[in-house]
Amino acid sequence: MNTLSYKTVSANKKTVNKQWVVVDAQGEILGRLSTKIAMIIRGKTKPDFTPNVDCGDNVIVINADKVKLTGNKFSDKRYVSYTGYPGGQRFISPKELMAKHPTRVIEKAVRGMLPKSRLGKALFGNLHVYAGAEHPHEAQNPTTI
């Protein structure tokens, strides 16, 4: 009996196989799309998932300005930020945020689904969001989902 076959193999930075993936957000619902993106970035779709290692893929999101929100969330939902000063709490709706920065709606949704740690900040660096259909990552030969 070979006892080495029973060992659990954990992924590390050197053994991880990272790929590039393109996701088209046109006509997709924000929350459902964000959960899929967060799982790909985290690496939970891979068989060698290790919770404490960046073993996920790099995700490129195109057409971020064409994402949908269900119900009245487009006008009623509020994103809260704080300037650090007394009375510095700011509120913005997705409608206003899409007009200023169309990529930030997806970025905020995905960031909230990642771990709140150093690993989460590193994982967030694997997300690349673009408002149009073009992206500058053709050299990586990304696969389309």
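Predicted model: local features only at pLDDT ≥ 70, side-chain atom pairs only at ≥ 80, totals over all residues.

Is N141 buried or exposed? Select N141 to begin: at 62% relative accessibility, this residue counts as exposed, where exposed means over 50% relative accessible area, buried under 20% and partly exposed in between, with a 1.4 Å probe and protein chains only. N141 is found in the loop between β5 and β6 (143-144), and its phi is near 50 degrees, a positive value in a residue other than glycine. Most residues other than glycine have a negative phi.

Residues are numbered from 1 along each chain as its sequence is written, and side-chain values use heavy atoms, with hydrogens and water left out.

**The whole protein**

The C-alpha trace spans about 65 × 40 × 30 Å along its principal axes. Of the 145 residues, 38% are buried. Contact means heavy atoms within 4.5 Å; among contacts between residues at least 6 apart in sequence, 68% join residues at least 24 apart.

**The open sheet**

Next, select β5, β2, β1 and β6. These 4 strands form an open sheet in the order β5-β2-β1-β6, with parallel pairing. The edge strands, β5 and β6, each pair on one side only. Two strands are said to pair if DSSP finds at least two bridges between them; β1 and β2 pair over 5 bridges in the parallel sense. To see one of these, select V23 together with its bridge partner in β2, V61.

Which residues does N58 touch? Leaving out residues up to four places away in sequence, N58 touches K18, Q19, W20, V21 and N126. N58 counts as buried because its relative accessibility is 10%.

**The helix on the sheet**

Select residues 30-42, which form helix α1. α1 has 13 residues and reaches 18 Å from its first C-alpha to its last, close to the expected 18 Å; the expected span is 1.5 Å times one less than the number of residues. Colour its buried residues: L30, L33, S34, I37, A38, I40, I41 and R42. An α-helix has 3.6 residues a turn, so residues three or four places apart point the same way. After α1 comes G43, whose phi is positive, near 95 degrees.

**The hairpin**

Move to β3 and β4 (residues 89-92), which pair in the antiparallel sense over 4 bridges. V80 has F91 as its bridge partner in β4. The two strands form a hairpin with 6 residues between them, and G84 in the turn has a positive phi of about 100 degrees.

Select N63, placed in the loop between β2 and α2 (73-76). Its phi is near 60 degrees, a positive value in a residue other than glycine. N63 counts as buried because its relative accessibility is 6%.

Then select Y130, in the loop between β5 and β6. At 22% relative accessibility, Y130 counts as partly exposed. Leaving aside neighbours within four places in sequence, the contacts of Y130 include I60, V61, I62, N63 and H135.

Where does R111 lie? R111 lies over the face of F124, at 3.9 Å from the ring centre; a charge sits over a ring if NZ of Lys or CZ of Arg is within 6 Å of the ring centre and within 35 degrees of the ring normal.
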